[in-house]
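Here is a friendly tour of the model you are about to see. Have your viewer ready, and follow along by topic.

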Amino acid sequence: MQTRVVGVSVPRKEGPAKLTGQARYIDDLSLPGMIFGATVRSTIARGAIEQIRFGEGIAWHEFTIVTAKDIPGRNVVSLIMDDQPCLADGTVNHPEEPILLLAHPDRHALASAVAAVNVTYTPAPSIHSIEESERREHIIWGKDNIFKSYRMEKGDVDQAWKDAAWIVEGEYSTGAQEQLYIEPNGVIAQAGSTTGLTIWGSMQCPFYVHKALVALTGLPAESIRVIQAETGGAFGGKEEYPSMLAAHASLLAMKSGRPVKIIYDRMEDMAATTKRHPSRTRHRTAISADGKLLAAEIDFATDGGAYATLSSTVLSRGTIHAGGPYYWPNIRVNAKAYATNTPPHGAFRGFGAPQSLFALERHMDHIAKTIGLAPDEFRRRNLLHQGMTTATNQVIHEPIVMDQMLERALELTGYHAKVKQFAAHNQTSTKKKGIGIGAFLHGAGFTGSGERYLNALVGLEATAAGGLRVLVSSTEFGQGTNTILCQIAAETLGLEYDDISMAPVDTSISPNSGPTVASRTAMIIGKIVQTAALKMRQTLIDSGLLEPSAGREQFLAACQAYRKQFGELQSFSHYEAAPNIFWNDELYSGEAYGAYAWAVYMAEVTVDTTTYSVTIDDFVALQEIGKVIHPVLAGGQIEGGVAQGIGYALYEKVVWKDGRMINNQMTNYIMPTAEDIPPIRVYFEEVPYQYGPYGAKGIGELPMDGPAPAIINAVVQATGIEFNSIPLLPEDIFRAMTAEPERPAESLETALAAEGSQ
Amino acid sequence: MSKCDVSLIVNGKTHTVSVYPMERLLDVLRTKIGLTGTKEGCGEGECGSCSVLMNGELVNSCLVPVLQAEGATLCTIEGLAGENSLHPVQQAFLKCGGAQCGICTPGMVMATVHLLNHNPKPTLAQIREGLGGNLCRCTGYTRIFDAVAEAAGNPR
């Protein structure tokens, strides 16, 4: 289909405001009489609070002090299970758990006051790993430390082992990862006796915040208003946490009677807020004599931290993606999210899929090596094709271009020549080279019946200024929501991009289009914008104000004529499920997602065996995401995701001590800089998705899934050492390369004797 | 500690502000002078979001005690654009997709302006080095490099 606006790289809607410093982020906003809030947090991992004492030397009468006793409604951060308290009441279950809140007119008076609140505890035993949690020596949550279990099964796994030419096992693990949006979390709350409660904040999901505040305050829903400020990056890190922060600011605002701002500094943000779930995946795979996957038994476990929060849904996505883009006649995934005494882990771009796909794609290389096939050939023999079923028994009706992308990736990188060349080079050089593949898919939208439950609502209205504006709760935090939704509306109505603007995201005026997560904005919300636009056009035609064949000027004139006659012109549309989508939540079977994006990534690396550092020399990212709505923004999504994936694989290590992150500074939690990023070559294949706007599918999370396995597969090829955990830091490579696995030294004496005998 | 008066020339205009001498230049710009375009990302000089030009040099304003800026000429993100037109660096970032969430953008733009002032035709390696002190979590830097090359008149 020929398009005029969609597929064109128009200027980002809010671009000029961001580039000139005029965009207003939460810390740029100020209200008259506003004071500042801070949080007193648990210093231990688990235990009972015995006493809270207010130390000397602080003018405590100047402070507003809030504890759990001040909560008018329920003491929960309402989300899925409502198990997480807003403020600890009697017991704490993780370090940094909020216990008490302080507010003061002088922002600089808070740090010493927080330090002067002395909380004494009776500590209880705490657990800090999946292994400790599954041992159940200490039960810290529910009856068995398990937030959620899934068993996903297709075919008959148990009978498949007997037909196997090979059975290959492996265990893989991934670490926590900090979202590291450059703008820390922050909110402002204002409570008025007649105006209700108003929140401004840096957030992805204003209606999540709204729901949490209704539970917390007991106020009627219409008395609570949540407004998104310009949001300086999120990546999932501002999906659920802002509800907690908004709750805290609201309690302080209600008690003090003044507007309260809470902005976390970087150290507090890194220590206290959510991160990507650490994971452990065990694979056992049956392979036929001709290199076909016969069956998989996959055990997928995640560390959810101390409260359930989003762990069940993260686990779900990780489970469904655990089989990757391959055809499995038989597959069983047993998945569990475990409780530990760390701050709750949460949403982060990819949402469980980067974890299970890292394991799978490392395991695919491990199998290929074991059975003597090249990594590309083993994948080629097992890729899904149109008409085949996924691990959830979903038939893929659309063409799948994985084969073509794999071949193109091999060509673009000169893969086969390089494999040979590197093998020769590595024999003599201290700089070992390798090239690795990651093949994967990512489902767009909420899982299974999720979109039906959300039932997103989207609006479009004619403005007094002569254009139209889009009404959604879908937020902009860098991905391009504002721009692409305006493109879709303009395209649909034959208007110019500049004719369309975005209404502010404000729960008092925005229809609930659901949370801005799960790569759902372009595909799901974009489609509803298109539907609402068509409906508006029909309304004008039905009113006799618009000829069906009319152009832009007549359309805009008709909008104004309609407004004059009827007061306002609005059009609202709900989500409509694509036909033949069925999902069985019990069996974890059926159409898990309306559509998948598909990708093949390749990384070329050098491992310097003098410094043990890894350099990425080239990165090729091919993906099929349906119609590309905005080439520049789409390219930016891929490059940004790849950079986060590079950090996930090679740099970003959360160092834990008794459940607390102790490297909670940008100085010693290392994300990629401008000097660390390789050339990233991005290619899009476009297979239009029938039920997406102009054929678009989801894109945002996809690029997070593939880089880590591609990079580590390359490192394994370069070094010959099977690295199965990320992050993989130079010290890990050093240890592995200098270890003597065949002959573990039993004591210093034996080691020295062995050394001396050489 | 008592307050003192400090004079700063910010974007061509002289401001005299009553401050504690050790207050951060970042806070003075944002709260006393009302220029909130300069952002705080880490408060320890790692992320570069608070970058401004002080007497033509690129500084992390979170690490500069305001007394040190007495009499200095400062340029912030608000000082670049004309009345109705973006600065060429801002224009290039807009065109190339160099800004996503926008929070690192003011610092990134200031670092680019500084780089191009000293080296109008930087190589890719020089661009990487010039922006090495400014972290961006959204873009993967690639389109920022494109924007710098574009602003330097060497579109990639």
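The buried residues of helix α2 of chain B pack against α1 (15–19) and α17 (631–650) of chain A, together with α3 (105–118) and α5 (142–151) of chain B. Please keep in mind that this is a predicted model.

**Helix α2 of chain B**
- The helix covers residues 88–96, and its buried residues are B:V89, B:Q90, B:A92, B:F93, B:L94 and B:C96.
- Just after α2(B) comes B:G97, with a positive phi of about 80°.

**Domains**
- In chain A, the assignment gives domain 1 (15–23 + 450–574), domain 2 (31–124 + 185–263) and domain 3 (279–447 + 586–738).
- Domain 1 and domain 3 of chain A have C-alpha centres 36 Å apart, and 23 residues of domain 1 of chain A are in contact with 23 residues of domain 3 of chain A.
- Chain B is assigned domain 1 (4–79) and domain 2 (88–151), with C-alpha centres 21 Å apart.
- Contact between these two domains of chain B takes 14 residues from domain 1 and 15 residues from domain 2.

**Nonpolar cores**
- The largest nonpolar core has 152 residues, and those touching the most other members are A:F378, A:W598, A:F619, A:I711, A:I712, B:L131 and B:Y141.
- Strand β23 (residues 595–608) of chain A supplies the largest share of this core, 10 residues.
- Another core, of 48 residues, lies apart from it and includes A:L460, A:I488, A:L493 and A:Y694.
- Leaving out residues up to four places away in sequence, A:I712 touches A:F358, A:R362, A:A649, A:L650, A:F723, A:I726 and A:L728.

- The largest cavity is lined by 24 residues, of which A:Q84, A:Y241, A:M244, A:T309 and A:P344 are the closest to its centre.
- Sorted by class, this lining has 11 nonpolar, 7 polar and 6 charged residues.
- Helix α6 (residues 241–256) of chain A gives the most to the lining of the largest cavity, with 3 residues.
- At least three lining residues come from each of domain 2 and domain 3 of chain A.

**Backbone details worth a look**
- A cis peptide bond runs from A:I726 to A:P727, with omega near 0°; A:P727 sits in the loop between β28 (725–726) and α20 (730–738) of chain A.
- A:Y612, in the loop between β23 and β24 (614–624) of chain A, is a residue other than glycine with a positive phi, near 65°.
- Because its relative accessible area is 16%, A:Y612 counts as buried.
- A:D658 also has a positive phi, near 50°, in a residue other than glycine, and is found in the loop between β25 (656–657) and β26 (660–661) of chain A.
- With a relative accessible area of 53%, A:D658 is exposed.

**A:E685 and its surroundings**
- A:E685 belongs to strand β27 (residues 680–685) of chain A, and its relative accessible area of 26% makes A:E685 partly exposed.
- Beyond its neighbours within four places in sequence, A:E685 is in contact with A:V401, A:M405, A:R408, A:Q623, A:E624, A:I625 and A:G626.
- A:E685 and A:G323 are separated by 362 residues in sequence and by 23 Å in space, C-alpha to C-alpha.

Terms used:
Residues numbered from 1 in each chain as written. Chains lettered and ligands numbered in written order. Predicted model: local features only at pLDDT ≥ 70, side-chain atom pairs only at ≥ 80, totals over all residues. Heavy atoms only, no water. 1 Å grid on protein atoms, 1.4 Å probe; cavity = no way out; pocket = protein on both sides within 12 Å on 5 of 7 lines; lining within 4 Å. Helix = DSSP H or I, 4+ residues; strand = E, 2+ residues; numbered from the N terminus. Nonpolar A, V, L, I, M, F, W, Y, C, P; charged D, E, K, R; others polar. Domains from an automatic or database assignment. Core = buried A, V, L, I, M, F, W, Y, C linked by side-chain atoms within 4.5 Å. Buried < 20%, exposed > 50% of the residue type's maximum accessible area, 1.4 Å probe, protein only. Contact = heavy atoms within 4.5 Å.
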